[in-house]
Amino acid sequence: MVERVRALYDRNRQKGRAPWCGHDYDFVCPSTGTYPFQWFWDSCFHAIVLARYDMDRARSEIRSLLKNQPDDGFVGHVTFWQREAFEEMLKEYSIAYRTPYLSDCIQPPLLAEALFAISRGVGGAAVRDELLPKVRRYYDWIDRMRDPDRDGLIAILQPDESGLDHIPKYDRYLGVTNPTRDEFTAAWQRAVGPYAEMQRDHDRMFAADRFVVEDVLVNTIYAENERVLAELHEEAGDREAGKVMRERAAKTTASLVNKCWDQATGLFYDLAGRREELLKVSTVTSLMPILLPDLPREMAEALAKHIANPKEYAAKYPVPSTALNEPLYMAPSDGRPELDSKLLWRGPSWINTNWYIARGLRRHGFVDLARAIEDRSGELIEKGGFREYYDPYTGEGFGAHAFSWTGLVLNMLADHEGVA
């Protein structure tokens, strides 16, 4: 598998110099045919994978991601290093730009996990000390700009900021009743279109309350990364900074537990709008807090039961992005071609969420359940190659070909075999 992942990452490597900023870049794009640019959470995943076999490239990945970070600490979800070569492709994207080469949106904030991965081994301490101030500024920006009610939960302002573009938990909030590409486009425009008139000012966007979601997946990753950032500060000898980040992580976790947990169903749900209405649709994000090491035991047990239930998430090829028994579940191979590549996260299994859930299960002692997910994830690659997502019943791959973050299977198999 190492050799297969190496070949994939060699194929998708983008390396050069960008005249628009004068910086060299060296990163792995998600897919040369679909996503040729540097995407934030993809790049963090790629660095975590690369750190297993090519630390120099793993470090170049994150250095490239951070090279255009402005003084305020923000890091956009896409850097368009070679924009001019793909102008036609950009017509298919719905992206708000901070500059013509940098987006003005966020993605799930796993940058601290990436820094942790690349700061191991020879030269790791120097890399940590070089990049830690930049990474800390990024998390300070998120804390400052995306948590206006100061409850420790950060908010996304449009659906794709979660990375889960069309996941059905947003349907009712967006006013989507017939999940087609056209209806989503219209709903998206209703929610996000007015931001341009607001000049994407955060105070005005939050005040408008058009799409404000404290997303469980985003905040689980946020809490985990606040904790990891605390470890990095402590490794660097800054115990006070570590204490601050541990307090932030505890606050985020407490708010997830106190505000997003639904005792009746034993699942976590997003909070929508100023009223913080629970978006009660069972999706893979409802399971994500299993990752958190300090999750109360009874909650971890409840989540494990859902993950092990064949009527919900224990498909032949887990973990489906929407529960199998949800009315809004959609398989990618049900004969509706617009679902294959246009509407995402409505049913298929994805390797990145499998990786997080398997890690969480291991943390809470559900090793056999974790091993089952790891085994089946490896089987998906053997069966269908590195695809963007997979049918949870058949294992058939869909979406982008040669999709890079699916290389996380390498880390899953290493966990499975107990390889450090």
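These legends walk through several close-up views of one predicted model.

Local features here need pLDDT of at least 70 and side-chain atom pairs count only at pLDDT 80 or more, while totals for chains, interfaces and linings use all residues. Residues are numbered from 1 along each chain as its sequence is written, and side-chain values use heavy atoms, with hydrogens and water left out.

**View 1. The whole chain, before zooming in.**
The protein chain has 16 helices and 13 strands; these are DSSP runs numbered from the N terminus, with helices (H or I) of at least four residues and strands (E) of at least two. Its C-alpha trace spans about 55 × 50 × 45 Å along the principal axes. A compact globule of 420 residues would have a radius of gyration near 22 Å, and the 20 Å of this chain agrees with that. (The radius is taken over C-alpha atoms, and the globule rule is 2.2 Å times the number of residues to the power 0.38.) Of the 420 residues, 62% count as buried; buried means under 20% relative accessible area, exposed means over 50%, and partly exposed is in between, using a 1.4 Å probe and protein chains only. Look at contacts (heavy atoms within 4.5 Å) with a separation of 6 or more, and 69% of them come from residues 24 or more positions apart.

**View 2. Helix H2 crossing helix H14.**
Two packed helices are described by the angle between their axes and the distance between the axes. Here the axes of H2 (residues 40-50) and H14 (residues 351-363) come within 12 Å and cross at roughly 60°. That makes H2 oblique to H14. Axes are lines fitted to C-alpha atoms, for helices over the stretch in contact, and angles run from 0 to 180 degrees between N-to-C directions. Under 35 degrees counts as roughly parallel, over 145 as roughly antiparallel, 65 to 115 as roughly perpendicular, and the rest as oblique. The H2 and H14 crossing is left-handed, meaning the near helix is turned anticlockwise from the far one by less than a right angle (clockwise would be right-handed). On the H2 side, Trp41, Phe45 and Ile48 do the touching, and they meet Asn352, Trp355 and Tyr356 of H14. Sorted by class, that contact has 5 nonpolar, 1 polar and no charged residues. Nonpolar covers Ala, Val, Leu, Ile, Met, Phe, Trp, Tyr, Cys and Pro; charged covers Asp, Glu, Lys and Arg; the others, Gly among them, are polar.

**View 3. Helix H14 again, now with helix H16.**
H14 packs on H16 (residues 409-417) at an angle of about 20°, with the axes 9 Å apart. That makes H14 roughly parallel to H16, and their crossing is left-handed. H14 brings Ile351, Asn354, Trp355, Ala358, Arg359 and Arg362 to the contact, and H16 brings Val409, Asn411, Met412, Asp415 and His416. The class tally for H14 with H16 is 5 nonpolar, 3 polar and 3 charged residues.

**View 4. Helix H5, tucked in.**
H5 (residues 111-118) has 7 of its 8 residues buried, so it is largely enclosed by the rest of the structure. The buried ones are Leu111, Ala112, Glu113, Ala114, Leu115, Ala117 and Ile118. They pack against H2, H3 (55-66), H6 (124-145), H10 (216-235) and H14.

**View 5. The loop between H12 and H13, at Val319 and Ser321.**
Val319 sits in the loop between H12 (297-308) and H13 (337-341), and Ser321 is found in that loop too. Val319 is buried at 1% relative accessible area, and Ser321 counts as buried at 1% relative accessibility. A cis peptide bond joins Pro318 and Val319, with omega about 0°. Leaving out residues up to four places away in sequence, the residues that Val319 touches include Val284, Tyr313, Pro348, Trp350 and Asn354. Counted in that way, the contacts of Ser321 include Ile167, Thr283, Val284, Trp345 and Trp350.

Most residues other than glycine have a negative phi, and most peptide bonds are trans. Asp209, in the loop between H9 (202-208) and strand E7 (213-214), has phi near 55°. This Asp209 counts as partly exposed at 23% relative accessibility. Trp345 lies in the loop between H13 and H14 and has a positive phi of about 70°. Trp345 is buried, with a relative accessible area of 2%.
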